[in-house]
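Let us take a friendly walk through a protein model together. Have the sequence and the 3D view open as you read.

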Amino acid sequence: APAHPLWPEIERVTLEQLQYARLGVEGGVWQLFAEDGEMKMYKREEEVDGLAVDPLKAVHTVKGVTGREMTHYFFSPDVRFEWETTLEQMKVLETIADDTLVILQIHKRVWPASQRDALFWSHVRRVPNDTDRDAQDIWIACNHSTEHHEAPSNEGKMVRVSLTVCLVCQTSIEPPSDGGPVTRDHLTCKITYCSVVNPGGWVPTSALRAVYKREYPKFLKRFTQYVKDRCDKQPILF
Ligand SMILES: CCCc1ccc(-c2ccc(S(=O)(=O)CCO)cc2)cc1[C@H]1C[C@H]1c1ccccn1
């Protein structure tokens with residue numbers, strides 16, 4: 001494994017997030033707050049030091065793309081402005097490996113919250129499916145807040161959020177009954193998106209919950225549609 005000081009944490013958090021995502025929305029602790037076709041979005045209402053830090057879990061099924069393609073476009077900084085509408089600036093501070101980056105993002109001000117930035121490592125990996133050999137491998141992309149010497153200290157300026165986010169994707173193929181080639185019509189990608197965002201500074205709880213209720217469904221819908229459009233008519237990446 002690459003000898004980088006962040007690597008042990010990247011390994012640990014990525015695998016923890018994979019297990020957390022695979023728990024699904026069992027246990028009755030998750031409250032469904034948005035639904036749109038196959039997309040179901042759940043939250044838990046939690047406060048830390050009086051700040052709403054509502055864990056969010058979304059499940060979605062997208063036809064015609066693979067988990068590798070979905071996590072690739074989620075990870076890739078080059079296309080982030082194509083789908084992330086709340087982004088104002090983004091800088092790759094360090095390229096640890098071709099699947100591991102440190103990124104600084106400045107988000108647009110979302111009333112009534114003051115403007116915020118996010119500093120996090122971003123990692124994408126294939127996880128061989130050791131249980132069901134017929135199934136495709138699982139792909140996970142994980143973003144987790146970190147420190148970095150290249151990041152501005154932000155004294156008195158921007159509020160820095162802390163976040164842990166993962167996108168876990170499982171592809172299934174229904175081969176054509178006539179034994180023909182597998183096309184995108186035979187692909188289904190099951191997605192679990194998890195996020196825990198601490199706003200890092202005071203935001204009225206009701207206002208923050210209204211922002212999430214509006215922004216998260218829009219974000220996941222727009223992102224998954226972007227990937228479908230990008231992949232349409234392109235060779236399949238398994
Ligand atoms: C006061 C909280 C401000 C705030 C902090 C953080 C984020 C945020 C950062 C990263 C990620 S991601 O999934 O890693 C995709 C890469 O950008 C998602 C969300 C969004 C908002 C605000 C802008 C709102 C928002 C909420 C949910 C989804 C998108 N935007």
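The report below covers a helix, its ring contacts, a strand and the cavities.

## Before we start

This is a predicted model, in which local features need pLDDT of at least 70 and side-chain atom pairs count only at pLDDT 80 or more, while totals for chains, interfaces and linings use all residues. Residues are numbered from 1 along each chain as its sequence is written, and side-chain values use heavy atoms, with hydrogens and water left out.

Helices (H or I, at least four residues) and strands (E, at least two) are DSSP runs, numbered from the N terminus. Find helix H2, residues 67–75. Seven of its nine residues are buried, where buried means under 20% relative accessible area, exposed over 50%, and partly exposed in between (1.4 Å probe, protein chains only). Among the buried residues of H2 are Met 70, Tyr 73, Phe 74 and Phe 75.

The structure holds eleven aromatic pairs. Rings of Phe, Tyr and Trp (its six-membered ring) pair if their centres lie within 6.5 Å; planes under 30 degrees apart count as stacked, over 60 as edge-to-face and the rest as tilted. Tyr 73 and Tyr 226 make an edge-to-face pair, 6.0 Å centre to centre with 90° between the planes. This pair links distant parts of the chain, since Tyr 73 is in helix H2 and Tyr 226 in helix H4 (residues 205–231), 153 residues apart. Both Tyr 73 and Tyr 226 are buried. Phe 74 and Phe 223 are also edge-to-face, at 5.5 Å centre to centre and 75° between the planes. Phe 74 lies in H2 and Phe 223 in H4, so this pair ties together parts that are 149 residues apart in sequence. Ring pairs link Phe 74 and Phe 223 into a cluster with Trp 83, Tyr 193, Tyr 212, Tyr 216 and Phe 219.

## Strand E11 and its neighbours

Strand E11 spans residues 187–198, and ten of its twelve residues are buried. Two strands pair if DSSP finds at least two bridges between them. Which strands are joined to E11? Strand E5 (residues 56–63) is joined to E11 by eight bridges, and strand E10 (residues 159–173) by twelve. E5 runs antiparallel to E11, and E10 runs antiparallel to E11 too. As examples, Lys 63 has Thr 188 of E11 as its bridge partner, and Thr 164 has Val 196 of E11.

On a 1 Å grid over the protein atoms alone, a cavity is a set of points where a 1.4 Å probe fits but cannot get out, and lining residues have an atom within 4 Å of a point. Grid points are joined across faces, edges and corners, and a volume is the space filled by probe spheres set on the points. The count comes to two cavities of 30 Å³ or more.

The largest cavity has a volume of about 630 Å³. Of its 31 lining residues, Glu 84, Thr 86, His 107, Val 197 and Tyr 216 lie nearest its centre. H4 supplies the largest share of this lining, with seven residues. The second largest cavity has a volume of about 50 Å³. Its lining consists of Phe 33, Lys 43, Asp 54, Leu 56, Arg 209, Tyr 212 and Lys 213. H4 gives the most to this lining as well, with three residues.

Notes:
1 Å grid on protein atoms, 1.4 Å probe; cavity = no way out; pocket = protein on both sides within 12 Å on 5 of 7 lines; lining within 4 Å.
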